[in-house]
Amino acid sequence: MIKKDYIRSVLNIFASSPFKPLVMHANKGGDCVRKLNESLLAFCNGDMEKVEALSHEIDVIEHEADVIKQTIRSELSSSIMLPVHSNDLLNFLKPQDSISDDAQEVAFWLTVRQFKAPDEIHEGFRELMAKTLETVEMYEILVSTLGELLETSFSKRDVEDTLDLVVKVEEMEHQVDIIEKDLVRQIFMNEDSIGAVGVYHLARLVRGIGDIADKSEHAADRLRTMILRR
């Protein structure tokens with residue numbers, strides 16, 4: 001019943017504006033990453049009970065994102081008129097959906113093993129997660145401009161402002177890449193104290209967090225294509 005009510009609410013929003021559910025979906029991804037940031041901090045502090053609880057919360061939000069995604073896809077198969085190509089919208093939706101998926105995956109991997117590493121690696125994870133969250137939140141700002149574009153019939157000025165935000169997301173994702181590589185090097189340099197299994201676990205977490213920023217950049221690029229090809 002809850003799922004049916006949720007789908008009905010998304011459909012009502014879709015009827016008023018085809019872009020609003022896309023913004024809702026992007027915000028669900030952002031919510032997952034904000035929860036993941038809390039979980040990472042708890043992980044660094046050794047609070048595994050909180051890590052486990054936050055993982056379950058992220059599961060719920062990711063499921064809500066899936067419901068929105070499925071509703072958007074089903075509505076695109078109808079005769080609804082869109083201001084952009086439906087294939088471009090779907091190509092944009094896929095990497096956006098991966099933001100919540102990847103956050104859910106990292107949240108699970110935080111639950112499987114306690115964090116035992118030197119302080120500089122703890123700090124590296126905090127920096128990586130903070131910059132990734134910053135990238136995702138910039139991406140949310142980018143997606144929120146879609147409604148404004150529709151209201152102004154894609155005015156040249158508004159399109160340019162949106163495209164500028166795409167570049168900002170790309171620049172921030174590049175910063176995440178740099179932090180990610182440095183952190184992986186630190187992890188392998190400390191293999192003697194962390195152990196082989198610990199190195200595998202931490203390196204996987206680094207890759208997973210970095211993937212979230214990468215999906216944000218990929219979605220931003222697809223959004224640019226969708227706007228320019230309209």
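The model is predicted.

**Helix α2**

Helix α2 spans residues 20-44 and includes Asn 37. The table gives the accessibility of each residue.

| Residue | Relative accessible area | Class |
|---|---|---|
| Asn 37 | 18% | buried |
| Leu 41 | 35% | partly exposed |

Asn 37 counts as buried because its relative accessible area of 18% falls under the 20% cut-off. Beyond its neighbours within four places in sequence, Asn 37 is in contact with Met 129 and Leu 133.

**The core**

The largest nonpolar core has 66 residues. Those with the most contacts inside it include Leu 36, Ile 121, Phe 125 and Tyr 139. Helices α2, α3 (48-76), α4 (86-111), α5 (119-151), α6 (156-189) and α8 (196-228) each supply at least two of its residues.

Leaving aside neighbours within four places in sequence, Tyr 139 is in contact with Ala 26, Phe 92, Gln 96, Ile 99, Val 169, Ser 216, Ala 219 and Ala 220.

**Helices α4 and α8**

These two helices pack with axes 8 Å apart, at an angle of about 165 degrees. The angle is over 145 degrees, so α4 is roughly antiparallel to α8. The residues of their contact divide into 15 nonpolar, 8 polar and 7 charged. The crossing of α4 and α8 is left-handed.

Technical notes
Residues are numbered from 1 along each chain as its sequence is written. This is a predicted model: local features need pLDDT of at least 70, side-chain atom pairs count only at pLDDT 80 or more; totals for chains, interfaces and linings use all residues. Side-chain values use heavy atoms; hydrogens and water are left out. Helices (H or I, at least four residues) and strands (E, at least two) are DSSP runs, numbered from the N terminus. Buried means under 20% relative accessible area, exposed over 50%, partly exposed in between (1.4 Å probe, protein chains only). Contact means heavy atoms within 4.5 Å. A nonpolar core is a set of buried Ala, Val, Leu, Ile, Met, Phe, Trp, Tyr and Cys residues joined through side-chain atoms within 4.5 Å. Axes are lines fitted to C-alpha atoms, for helices over the stretch in contact, and angles run from 0 to 180 degrees between N-to-C directions. Angles under 35 degrees count as roughly parallel, over 145 as roughly antiparallel, 65 to 115 as roughly perpendicular and the rest as oblique. A crossing is left-handed if the near helix is turned anticlockwise from the far one by less than a right angle, and right-handed if clockwise. Ala, Val, Leu, Ile, Met, Phe, Trp, Tyr, Cys and Pro count as nonpolar, Asp, Glu, Lys and Arg as charged, and the others, Gly among them, as polar.
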